[in-house]
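This report goes through one structure, part by part. Look at the sequence and the model first, then read on.

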Amino acid sequence: MKHDQGVSHHGVGEWYWQRASAVLLMFLLPCAFYVLGMVYAGVWQQSDVLRIVQMPWVRVLHSLLLMALLLHAYLGIKVVIEDYLHITGIRVSLMFLITSLLAVFGIAWLALIWGWA
Amino acid sequence: MISNRQQPLSPRLSVYRWHLTMVASLAHRASGLFLIVFMVFYFILLSLMTGAPEQFDLSLSLMHSLYGRVLLWLGFASFVYHFLNGIRFLLLDAGYGESRYAMRLSARMVLAVTLLMAAGAAVALL
């Protein structure tokens, strides 16, 4: 019979996903800052922003960026909480609260991306 | 569950003498946490920028206000640091630059480039 490892080795998966999402963000997140910079500097008007974010492939990459961002943020917060908060009850409730907030936030953002006419 | 209150828990901020690679790691966490705050600001800006025309104007005045510019600057600086140090961490994971000397040198390089970019952004924004 296979030895039951319980929750051990879960960390390997989280270690991997933290880095996989990091690689994706390395390429996609600079685009988000570029958009902000162009609008801030007045180079892009609203019509330029709308034309770009409404392109089908931009919506797909935008959604991918959002999911990588939320996964990366979730894993990052989890590591920090696990390192600095040592009371299990507080740790678990805080992670529950943060995960719920991230989920609601993600749904709102996805609705925004796919809602543009 | 093994319960032993005497077991060392990481990272013992009060135990170790502060050193550069530790600062680099802590700054990675701090910038990451701030980027989560910035993500919320970005979402608000994005919904305004793609909303009604007067909302687009509101997003511009928000970004150009003092608080807006400070947030943008902090967000940009955090992003640059987290980006560069993230690459440093990925290279360390892949087995490059693991010697004590290389780790200190790369941490210095990341900090130097971040300071340079942040100074440039400060001139442009503030």
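Predicted model: local features only at pLDDT ≥ 70, side-chain atom pairs only at ≥ 80, totals over all residues.

Arg29(B) and Asp83(A) are both buried.

How many salt bridges does the rule find across the interface of chain B and chain A? There are two. Over all chains, the structure holds five. Pairing of this kind has a simple basis: side chains of opposite charge can pair when their charged atoms come close.

## The other bridge across the interface

Arg19(A) forms a salt bridge with Asp93(B), with 2.5 Å between the closest N and O atoms. Arg19(A) belongs to helix H1 of chain A and Asp93(B) to helix H3 of chain B, so this pair also joins two chains.

Are the partners in this bridge buried or exposed, or something in between? Arg19(A) has a relative accessibility of 23% and counts as partly exposed. Asp93(B), at 36% relative accessibility, is partly exposed as well. By contrast, Arg29(B) and Asp83(A) are both buried.

## A bridge within chain A

Glu14(A) and Lys78(A) meet through their side chains in a salt bridge, at 3.1 Å from N to O. This pair links distant parts of the chain: Glu14(A) is in helix H1 of chain A, Lys78(A) is in helix H3 of chain A, and 64 residues separate them. Helix H3 of chain A covers residues 56–84.

Why does Lys78(A) count as buried? Its relative accessibility is 16%, and buried means under 20%. Glu14(A), with a relative accessible area of 27%, is partly exposed. Leaving aside residues up to four places away in sequence, Lys78(A) touches Glu14(A) and Met95(A).

## Aromatic pairs

How many aromatic pairs are there over all chains? The count comes to ten. In one of them, the ring centres of Phe33(A) and Phe38(B) are 5.7 Å apart and the ring planes are at 5°, so the pair is stacked. The cut-off for stacking is planes under 30 degrees apart.

Phe33(A) and Phe38(B) are both buried. Ring pairs also tie Phe33(A), Phe38(B), Phe41(B), Phe79(B) and Phe83(B) into a cluster.

## The interface as a whole

The size of an interface is often given as the accessible area lost when the parts come together. Chain B and chain A bury about 3,200 Å² between them, and 77% of this is on carbon and sulfur atoms. On the side of chain B, the residues that lose the most area to chain A are Met39(B), Tyr42(B) and Phe43(B), which together account for 20% of what that side buries.

In terms of contacts, 39 residues of chain B meet 35 residues of chain A. Eight residue pairs between chain B and chain A are in polar contact. On the side of chain B that touches chain A, the elements giving two or more residues are H1, helix H2 (53–64) and helix H3 (66–93) of chain B. H1(B) gives the largest share, 15 residues. By type, the residues of this side divide into 28 nonpolar, seven polar and four charged.

## Chain B on its own

Chain B has four helices and zero strands, and its pattern along the sequence is α-α-α-α. The chain has 126 residues, of which 35% count as buried. Among contacts in chain B between residues at least 6 apart in sequence, 69% join residues at least 24 apart.

His28(B) is an example from helix H1 of chain B. This residue is buried, with a relative accessible area of 13%. Not counting residues up to four places away in sequence, His28(B) touches Tyr81(B), His82(B), Asn85(B), Gly86(B) and Phe89(B).

Methods. Residues numbered from 1 in each chain as written. Chains lettered and ligands numbered in written order. Heavy atoms only, no water. Phe/Tyr/Trp six-rings, centres within 6.5 Å; stacked < 30°, edge-to-face > 60°. Buried < 20%, exposed > 50% of the residue type's maximum accessible area, 1.4 Å probe, protein only. Contact = heavy atoms within 4.5 Å. Buried area = accessible area lost by both parts, 1.4 Å probe. Salt bridge = Lys/Arg side-chain N within 4 Å of Asp/Glu carboxyl O. Polar contact = N/O pair within 3.5 Å; in protein donor to acceptor, adjacent residues only side chain to side chain. Nonpolar A, V, L, I, M, F, W, Y, C, P; charged D, E, K, R; others polar.
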